[in-house]
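Hello,

Here is the structure I promised to pass on to you. Please open it alongside this message, and my notes follow below.

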Amino acid sequence: MTDTWKTRTKLVHEGSRRSQYGEMAEAIFLTQGFVYPSAEEAEARFVKAGEDEFIYARYGNPTTRMFEERIAGLEGTEDAFATASGMAAVSGALTSVLRAGDHVVSARALFGSCLYILEEVLTRYGVKVTFVDGADLEAWRAAITPDTKAVFFESLSNPTLELVDIRGVSEIAHANGALVIVDNVFATPIFSRAVDQGADVIVYSTTKHIDGQGRALGGVVCGTQAFIRKTLEPYMKHTGGSMSPFTAWIMLNGMATLDLRCRAMADSALTIAQALEADSRISRVIYPGLASHPQHALAMAQTGSGGTLVTFDIEGGKEAAFRFCNALEIIKISNNLGDAKSIATHPATTTHQRLPQEQKDALGITPGLIRLSVGLEDAGDLIADLMTALDHV
């Protein structure tokens with residue numbers, strides 16, 4: 001890791017490895033196993049593999065290792081472990097550290113699959129989970145006790161773009177000896193420095209902005225070397241959730257343009273949010289970059305950007321929302337985000353469909369809510385597409 005390099009330089013060069021052929025592009029090592037020079041060397045490697053030694057693709061791979069070192073260098077952590085998907089990263093980060101009887105405090109505003117892990121999976125194995133209003137520091141303070149093993153939250157929630165004060169929650173958690181695990185997907189590694197603000201473990205779905213092209217599933221967990229190699233790695237390599245070398249190669253290529261893409265998307269997102277806020281057909285616009293967002297000051301202090309997603313409410317509920325989505329031309333209907341292509345999602349019937357209505361109501365997921373992931377198209381074209389679609393509501 002070269003600390004003097006700026007972000008864009010790290011995104012292109014951090015962690016690079018070259019074979020004896022001196023290739024310019026990152027190589028894909030498509031192998032499930034590795035050959036040892038001798039039986040003695042095989043034994044030694046299974047006892048403790050060296051820095052550039054590998055055993056089996058489920059444990060590690062040169063291409064995957066390049067990606068892990070690059071994302072760790074960007075995030076500012078000592079190490080990282082690449083996983084098969086974002087949910088493999090979330091479940092691995094939580095499950096590897098928790099045991100029956102442990103207590104977790106989590107923000108209530110989470111992606112549907114994250115809620116499932118906390119509500120269904122962890123509790124099934126005897127982990128106690130308490131949910132709180134993530135924006136309320138007093139609620140965190142009341143819920144976190146000396147018995148709390150970990151806290152978990154999305155730094156910017158899906159889909160209602162609610163922020164959690166990372167520094168504030170981390171101070172409360174650390175005072176009680178709890179580990180702080182942050183899902184940082186919406187904030188992106190470009191706009192957020194969660195480690196500097198107190199987080200211990202950072203989780204990303206690399207499927208989103210890091211790939212940025214809608215090509216592959218992936219995830220990554222960033223943290224201290226002790227956590228990654230002594231706690232997380234044994235769990236991940238024995239349960240099989242590691243990233244494939246080909247996926248790691250895709251992610252490496254995505255990272256080269258990550259800073260450029262995220263900044264361009266965020267600039268367009270602000271322009272679009274301002275246009276939507278001025279339209280009387282929209283009852284509510286949620287975008288942290290707008291002064292109207294109740295946590296605008298925290299967003300500017302914590303990330304310095306409103307991010308790449310805009311959420312808004314259409315009058316008329318589900319029927320109006322569906323008419324709007326079906327009338328879009330440039331913007332596509334899907335449930336991904338962070339893509340070069342702009343995507344509209346109706347959370348109430350897709351990503352958060354399994355939640356009971358009272359839980360949707362508590363989270364602000366209304367029938368007319370649309371989550372817009374802003375891509376790399378021209379902002380003017382996207383606004384025209386949105387306005388035309390609104391004519392069909």
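Let me start with strand β8, which runs antiparallel to strand β9 (residues 309–314) and is joined to it by 4 bridges. Helices (H or I, at least four residues) and strands (E, at least two) are DSSP runs, numbered from the N terminus, and two strands pair if DSSP finds at least two bridges between them. Within β9, T311 stands opposite I286. Helix α13 (residues 317–327) packs on the sheet and touches β9, β10 and β12 (369–373); its direction makes about 130° with that of β9. Contact here means heavy atoms within 4.5 Å, while axes are lines fitted to C-alpha atoms, for helices over the stretch in contact, with angles running from 0 to 180 degrees between N-to-C directions.

The sheet itself is open and has 5 strands in the order β8-β9-β12-β11-β10, with mixed pairing. Its edge strands, β8 (282–286) and β10 (332–333), each pair on one side only.

Before the rest, a word on the source: this is a predicted model, where local features need pLDDT of at least 70 and side-chain atom pairs count only at pLDDT 80 or more, although totals for chains, interfaces and linings use all residues. Residues are numbered from 1 along each chain as its sequence is written, and side-chain values use heavy atoms, leaving out hydrogens and water.

I286 also turns up among the contacts of T160, which touches I286, L363, G364, I365 and L369 when neighbours within four places in sequence are left aside. T160 sits in the loop between β4 (148–154) and α7 (166–175). Its relative accessibility is 12%, so T160 counts as buried (under 20% relative accessible area; exposed is over 50%, partly exposed in between, with a 1.4 Å probe and protein chains only). The side chains of T160 and S157 are joined by a polar contact of 3.5 Å (a pair of N or O atoms within 3.5 Å; within protein, one must be able to donate a hydrogen and the other to accept it, and residues adjacent in sequence count only if both atoms are side-chain atoms).

C222 is buried, at 0% relative accessible area.

Best wishes
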